[in-house]
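Q: I would like to learn how strands, helices and single residues are read in a structural model; could we work through some cases together?

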Amino acid sequence: MTTAALPVGAPGPVTDRTAVGGRLSLPLFHTLSGVLAGHPYLKVVVDRAEGTWHLLDTAVHPFHVDYVATRVLGMDLAALDACLDAFNASVYTAPERRFLLGVLSLHTDSHTDTDTDTDADADTNAGKRPFLVLETTEADTMSGALLDEFYGFVRHRVDDTLPLLLKPANHGQEQELAAIGDDRVPRILAHELFGNRTRTPLNPGEATGRLRHFRTAGEYAAAAAGLGRADIVAMACLPDDVPRVAGFLHTEPSTPLSHTNVLAAGWGIPNAIVRDLDRIIERDGLNGAWVRYRVGDDEITLVPLAGAPAPRAADRPRPRIRLAPPRLADAPALPLHLLRRTDRDRYGTKAAQLGELHHVLERRTADLTAYYGRPRPPRRDLYGHLASRLGLPGAHPGDGTGHATGELRRAAAEFATRTVTAPEGIALPFALQHRFLISSPALRQAVRRLKDALATPAPQALDPLCRQLQHLIRHTSVPDGIVRRITGVLPPGLTGPHRLVVRSSANAEDLPGFSAAGVYASVTTVHGTGELLDAVRQVWASLFSPRGVLLRHQAGIVPDDTYMGVIIQRYVPAELGGVLVTCDPTRRADFRNVYLNCSPGSPERIVDGTVLPLQYLYNTVEGGGRTVSLGSAGTDLPAGTRRRLADLALTGRLLQSHFGDAAGDGPLDIEWLMTGQGAFRLVQIRPYAR
């Protein structure tokens, strides 16, 4: 095999082959179909008024509504654009609608094959029975009766030898179908169809490098020290401490929100799941070979090369990262709610962001609607959609100047405040770590040796220098003055027998091109002053881990500019913990969806790969959500909990308007806990690289 691919469909014919009426067979299906996510598919329009259906040539008609408006109703595109949202509502949400719109996709009965086969892979699909899946768009609100009608109409017009299943497009449709027997409308859920897919894009990108395949953790550990930017690492599950390389390949299921994929996104390198990679590598002798590796929205390609290619301009090192100088002057330990995001150069990014969250939720003066004010052609803005999500469908969401009305802004702020809370806690400034590091001659000497080594053109023996410094930090006594500065400000909730959580808050993280996900330490089982001081030193020491030092050096981050703050919080037990990003990591052009992962307990279990989480997509424009994967859970969450997660997803989108980039469009990575009575507590907000 020369490529392992999920190829995008070939260019369509110039002639429109759209069929109106008639019966669908496999030859006709292939004549009209395109390829999406590795599966042949075609678009279907049922005209209830005429009692007929239209099978669209996907190469000519990429959008249902364009076809219905121009070819069936005789509108021109300018007229459609002028009333696009109203037209969409008439075909996707109106209870009594004329048209039923959907997609038919072709699968095999293994439920795991997602690629369009090359000749070399044809043997792997021999004997598999094809079947069709019918589904609507994710925002469609078809009732159970309409879903029943839609399925029955299509079933009677599809070749009898082809099994047909209905896939609910969202949680609402799943509930609507609950009262309809599976014998009447056979169905398959999204996680059943795609949960075990063979090949899944995780992070888009392209790289050229040597494919390094490791079958065991031991094999990887033996070679890890020699891995570099010319390598593409392939193994079942990559460890969080993987060095910066050219690309990742997983052979076991993972999530786009794991630490390794957050690193891939921050580094801009390709990452994908290819579950049959072991077979491909063994058959084609690819281990150690130079390859060109590309991950796109709908394809994964791995092309062998004759040898190492000549360097390209795109392969040159990225510009070096510069940090604002840390403020090391004496500063007090402060409650989080007194911080603002401008305090990142005194208390670290994480603490400053949580302080800003307190301010946003308490003051309710921040504009949380900006994301919806951006033009999404042909729409001038999405304010009307936001008004519907917030329960203001009859409001006038825009003020005529491109801004949301005061009513909509107030509703957004109140919704966010009702849905989430900011955590309480104490933030320790960089000044305390600085005072500690200069308090001991041994510490000063160890820091100086490490800095001298980093100042050489090709730093050597960093590992022993880093480990020696970390050992000294963890075992050097904290001066009494610093102890008093830490313990003297702890409120009653952070003293006594209470369990505490001690988190890192560095300035060298959550930066464009440098996420540091999983690089710094947090300690979650702390009791008493003695353990608290040990945990603070452990967090301080994590700044000097060999991996962290090397990653920062490679990014051009100067050692003197790098400091660690600390957050001390009371442990709060959680029913669910999770991570959400305010985008679809596998489809970066998608402005509608928020990707959310969760599992019982702490979100750390998700990001460090301890469990495979439940995975959801929530549409924050038209509404609706769907389950992508059940992960390790095996069963889905109750409908009520999923509705609460939809509120959390929308709140994440609203917070993006304030915490994202200057245009309100930069996606966020948010860690959260769901405590008793379904309350959400946010524990981290940071930019999500894309």
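Predicted model: local features only at pLDDT ≥ 70, side-chain atom pairs only at ≥ 80, totals over all residues.

Q: In which sense do strand β23 and strand β24 run, and how many bridges join them?

A: As a general idea, the strands of a sheet pair through backbone hydrogen bonds, in either a parallel or an antiparallel sense. Here strand β23 (residues 614–619) and strand β24 (residues 625–629) run antiparallel and are joined by 4 bridges, with Q615 standing opposite S629 in β24.

Q: In what order do the 7 strands of the open sheet follow one another?

A: The order is β8-β12-β11-β10-β9-β13-β14, and the pairing within this open sheet is mixed. Because β8 (199–203) and β14 (300–304) stand at the edges with a single partner strand each, one side of each is left without a neighbour in the sheet. Between neighbouring strands of this sheet the turn is 30 degrees on average, with direction ignored. A parallel pair within it is that of strand β10 (residues 231–235) and strand β11 (residues 247–250), which has 4 bridges, and there M235 stands opposite H250 in β11.

Q: Which strands does helix α10 lie across?

A: Helix α10 (residues 277–284) lies across β8, β9 (205–213), β10, β11, β12 (271–274) and β14, and it runs at about 70 degrees to β9.

Q: How do the axes of helix α17 and helix α18 cross?

A: In general, two packed helices are described by the angle between their axes and the distance between those axes. For helix α17 (residues 441–454) and helix α18 (residues 462–475), the axes come within 10 Å and cross at roughly 160 degrees; angles over 145 degrees count as roughly antiparallel, and α17 and α18 are therefore roughly antiparallel to each other. Their crossing is left-handed. The contact is made by residues including A442, L443 and R449 of α17, and L462, C466 and Q468 of α18.

Q: What classes of residue make up the contact of α17 with α18?

A: By class, this contact has 13 nonpolar, 1 polar and 1 charged residues.

Technical notes: Residues numbered from 1 in each chain as written. Heavy atoms only, no water. Pairing = 2+ DSSP bridges. Helix = DSSP H or I, 4+ residues; strand = E, 2+ residues; numbered from the N terminus. Axes fitted to C-alpha atoms, helices over the stretch in contact; angles between N-to-C directions. Contact = heavy atoms within 4.5 Å. Parallel < 35°, antiparallel > 145°, perpendicular 65-115°, else oblique. Left-handed = near helix turned anticlockwise from the far one by under 90°. Nonpolar A, V, L, I, M, F, W, Y, C, P; charged D, E, K, R; others polar.
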